[in-house]
Structure formats: structure tokens, C-alpha cells
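Me: I have a structure open and want to learn how to read its features. Can we take them one at a time?

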Amino acid sequence: NQNVADVTQVENYLACSPDTRSELVVLIRAGDEILGQIDIDSNQAAAFTGEDEEAVQAVADKLAEVLMAERR
């Protein structure tokens with residue numbers, strides 16, 4: 001996971017929008033397998049807290065469960 005407080009401080013950051021100031025990326029994982037990611041951008045610096053990351057991780061974990069169940 002990545003919680004980038006200010007993307008303007010990351011030299012090689014590639015923004016989807018010039019207005020993006022912060023980004024939260026949470027992986028959707030099943031064990032060692034990465035199934036996808038949830039990527040949230042904000043136009044405010046330091047927009048995402050540790051609590052936000054935990055909440056998005058809970059959603060990602062549930063998505064991983066559903067995706068793996070669909071594979072069976």
C-alpha cells in the first residue's frame with residue numbers, strides 16, 4: 001500500500017490529473033497474489049489518514065474474498 005501525502009514531492013510521480021496532490025493506493029490481495037488495487041486521488045495534500053487506509057483495506061480484503069470465491 002502507498003499513502004502519498006504530497007505527490008509533488010515524488011520525483012517520478014505520474015499523475016492522472018494535474019490537480020492531484022495526494023494519493024492512497026491499497027492492494028487487493030489473496031495471499032501472495034495481487035488481484036487489483038483501489039487507487040484514490042485527492043486535490044488536497046495529506047488528505048488520507050491511517051484510519052482511511054485501514055477502512056479501504058477492509059474493503060479490499062472483502063473484495064479479495066469475493067473474487068477468490070468466484071474463481072472456485
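**Reading strands, loops and surface**

Reply: Start with Asp41, which is found in strand E3. Keep in mind that this is a predicted model.

Me: Is Asp41 buried, partly exposed or exposed?

Reply: Relative accessibility decides that. Buried means under 20%, exposed over 50%, and partly exposed lies in between. Asp41 has 32% relative accessibility, so it counts as partly exposed.

Me: Which residues does Asp41 touch, not counting those up to four places away in sequence?

Reply: Asp41 touches Tyr13, Cys16, Thr20, Ser22, Glu23 and Phe48. Take Cys16: it is 25 residues from Asp41 in sequence. In space, the two are 8.8 Å apart, C-alpha to C-alpha.

Me: What about Ser42: buried or exposed?

Reply: Ser42 also belongs to strand E3, which covers residues 33-42. Its relative accessible area is 15%, under the 20% cut-off, so Ser42 is buried. Beyond four places in sequence, its contacts are Asp19, Thr20, Arg21, Ser22, Ala47 and Phe48.

Me: Which residue stands opposite Ser42?

Reply: Read strand pairing through the bridges. Ser22 stands opposite Ser42 in E3. E2 and E3 run antiparallel, joined by nine bridges.

Me: What joins strand E1 to E2?

Reply: Three bridges do, and these strands also run antiparallel. E1 spans residues 2-4.

Me: Why is E2 described as largely enclosed?

Reply: Count its buried residues. Seven of the nine residues in E2 (residues 22-30) are buried, so the rest of the structure largely encloses this strand.

Me: Where does Ala46 lie?

Reply: Ala46 sits in the loop between E3 and H1. With a relative accessible area of 55%, Ala46 is exposed.

Me: Which glycine takes a positive phi in the hairpin of E2 and E3?

Reply: Gly31 does, with phi near 65 degrees. That hairpin has two residues between its strands.

Me: Last feature. Which residues form a nonpolar patch on the surface?

Reply: Look for nonpolar side chains that share accessible surface. Val59, Leu63 and Leu67 form such a patch, with about 230 Å² of accessible area together. Val59 is in helix H1, residues 50-71. Val59 is partly exposed, at 46% relative accessibility.

How values were computed:
Residues are numbered from 1 along each chain as its sequence is written. This is a predicted model: local features need pLDDT of at least 70, side-chain atom pairs count only at pLDDT 80 or more; totals for chains, interfaces and linings use all residues. Side-chain values use heavy atoms; hydrogens and water are left out. Patches are made of residues with over 30% relative accessible area and no salt bridge: like charges are joined within 9 Å, nonpolar side chains (Val, Leu, Ile, Met, Phe, Trp, Tyr) within 5 Å. Accessible areas come from the Shrake-Rupley method with a 1.4 Å probe; for residues, only the protein chains shown count as cover. A salt bridge is a side-chain nitrogen of Lys or Arg within 4 Å of a carboxyl oxygen of Asp or Glu. Helices (H or I, at least four residues) and strands (E, at least two) are DSSP runs, numbered from the N terminus. Buried means under 20% relative accessible area, exposed over 50%, partly exposed in between (1.4 Å probe, protein chains only). Contact means heavy atoms within 4.5 Å. Two strands pair if DSSP finds at least two bridges between them.
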